[in-house]
Amino acid sequence: MFSGGLRLTDLNDYITPGQECIKPVPVKKSGRSDGSHIQMDTTGEYFEVTKDGASTKLEAATISLNDCLACSGCVTSAETVLITMQSHTELLAVLDENRTLRDMGKGDEAKQVVVTVAPQSRASLALKYQMPTQTVAKRMTHVLKSMGVDYVLDSVFGRDITLIESAREFVRRYRESEGKVGDQLPVLASWCPGWVCYAEKTHAEVLPWMSTTRSPQQMMGAIVKDYMAKRLNTSPDRIYHVAIMMCYDKKLEASRDDFYNDVYKTRDVDCVVTTGEFDRLLRETHTSFANAPEAQLDSLTNSKDCVYASAGTSAGGGLEYIMSYAARELFGMDVSPDLIAAAGKGEAQHPLLQVKLVRSQSDHREITLLDPHTKQPLLQFAAVYGFRHLQNLVRKLKSKRSVYHYVEVAACPSACSNGGGQLQPEDPSPGAKKQWVAETERTYARDAKTRPEDNVRQFIYEWFGPHGLDSSDAQRVLHTQFHGVAATANPLGVSW
């Protein structure tokens, strides 16, 4: 069952669907060899029918999101992957069950429902409804809480921790490799699940370069199921965590076994709802978002009642923040993320920053930090968006021709503002779509900029104790791993 928001037209980041899905399905046979045959009844159910008329119902094969990560049978883009168990209908079902339990006097059995919202989704909704992102955030909070949600959080909080830990990871690997591109470098951003899935299934040799720091979505998963569970004096399985995201592949990311708690039998993110699915939820529940009241924003700290962002593109700001942090930690240079972001967009210049659009493509940018004395490169970073450019990057990595120290990667052209789960313009023409994505990016960039350290410093020590991010608990919770998948032979490609 595919979402009504699934689109297969006008894809420019589509690779190829494979033909060799290897999902193993156990087939229960009756063991009879008496000429029985398969028959379908009027309801669509299948039965094995013997010659004497006896019938046995056959089980339907099922495939889950996790199964999509378990084989090399296909490689798809964000627009092409959606399986049923992650959608807004699942959220509504949990909220309905909570109401039923409370009506029966069993409110203690109801789950705490926590929703985290991505800033890219907020920007997409702001563009459609022509209102500031701050207003969108407050109206989303009201709408969701009126449906029975307990907490509505901004995923930017998790992204701040991801940025800080990603920068620490980069500096560590740079020092261990003495800045030489090879075994430890480049560090490849791993926030985009479409890119991760592509690399795991088709280019496992690049996995050692992947950043192991959790993505912002999964960082919020750790915060909700670990920190919040302790704060609420409950177990992780008593919290139902929903993430509203810009991308269908975020459903795949949430379904990874790496983010499953074997002790409590729960996932860090139980359900991912795309921006388009949230908008569909509004229509299906007859909710007028344009006229919805506003509610105070929830926060994990005593921060102000406002939304905020980090410098950089909708890919998350990793390039800008990590370059700024590394410049300071490794070379004692003060180059702010805002300045790097402005230089990358061509809005500012700096004598120690060189920006190059590879083949004049804004989706492949190189930003180089120069030594103030010799004017030689100190740090060479790149942003690579869209599968066409990703394939070129992989070829350079495999042939050892890459000179980058860090690469910010996104599977979608124009990064996450163009995620497959985002809202679309009414005009389906390519020109209108391009303009819509550009305006979504500008809307995303209008949020007030803050320093991640200022937002989460106290929270980190509350979560992990006096050693903060250096604690063993932090290193265990904040990092993940990747798994290369051996390709199987395509039977359709065999010459007979």
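Trainee: Phe170 and Phe381 are both listed as buried. What does buried mean here?

Mentor: A residue is buried when its relative accessible area is under 20%, exposed when it is over 50%, and partly exposed in between, using a 1.4 Å probe on protein chains only. Phe170 and Phe381 both fall in the buried class.

Trainee: What kind of model is this?

Mentor: It is a predicted model, in which local features need pLDDT of at least 70 and side-chain atom pairs count only at pLDDT 80 or more, while totals for chains, interfaces and linings use all residues. Residues are numbered from 1 along each chain as its sequence is written, and side-chain values use heavy atoms, leaving out hydrogens and water.

Trainee: How many helices and strands does the protein chain have, and what share of its residues is buried?

Mentor: The protein chain has 15 helices and 16 strands. Helices are DSSP runs of H or I with at least four residues, strands are runs of E with at least two, and both are numbered from the N terminus. Of the 496 residues, 54% count as buried.

Trainee: How many aromatic pairs are there, and what makes two rings a pair?

Mentor: The count is 15 aromatic pairs. Rings of Phe, Tyr and Trp (its six-membered ring) pair if their centres lie within 6.5 Å; planes under 30 degrees apart are stacked, over 60 edge-to-face, and the rest tilted.

Trainee: Why is the pair of Phe157 and Phe459 called edge-to-face?

Mentor: Their ring centres are 4.8 Å apart and their planes stand at 85°, so the pair is edge-to-face. This pair links distant parts of the chain, with Phe157 in helix 5 (residues 156-176) and Phe459 in helix 14, 302 residues apart.

Trainee: How do you know whether Phe157 and Phe459 are buried or exposed?

Mentor: Phe157 has a relative accessible area of 7%, so this residue is buried. Phe459, at 1%, counts as buried too.

Trainee: And what makes Phe170 and Phe381 an aromatic pair?

Mentor: Their rings are 5.3 Å apart centre to centre, with 70° between the planes, and the pair is edge-to-face. Phe170 lies in helix 5 and Phe381 in strand 14 (residues 377-385), 211 residues apart.

Trainee: Which residues of helix 7 and helix 14 meet?

Mentor: Ala222, Ile223, Asp226 and Tyr227 in helix 7 meet Phe459, Glu462 and Trp463 in helix 14. A contact needs heavy atoms within 4.5 Å.

Trainee: Why is helix 6 called oblique to helix 12?

Mentor: Helix 6 and helix 12 (residues 387-398) cross at roughly 45°, and their axes come within 12 Å. The two helices are therefore oblique to each other. Gly194, Trp195 and Tyr198 in helix 6 meet Phe387, Leu390, Gln391 and Val394 in helix 12.

Trainee: What makes helix 6 mostly covered?

Mentor: Of its 10 residues, 9 are buried, including Trp195, Cys197, Glu200 and Lys201.

Trainee: Where is Lys111, and what does Lys111 touch?

Mentor: Lys111 is in the loop between helix 2 (88-103) and strand 4 (112-117). Beyond four places in sequence, Lys111 touches Asn98, Arg102, Asp150, Asp237, Arg238 and Tyr240.

Key
Axes are lines fitted to C-alpha atoms, for helices over the stretch in contact, and angles run from 0 to 180 degrees between N-to-C directions. Angles under 35 degrees count as roughly parallel, over 145 as roughly antiparallel, 65 to 115 as roughly perpendicular and the rest as oblique.
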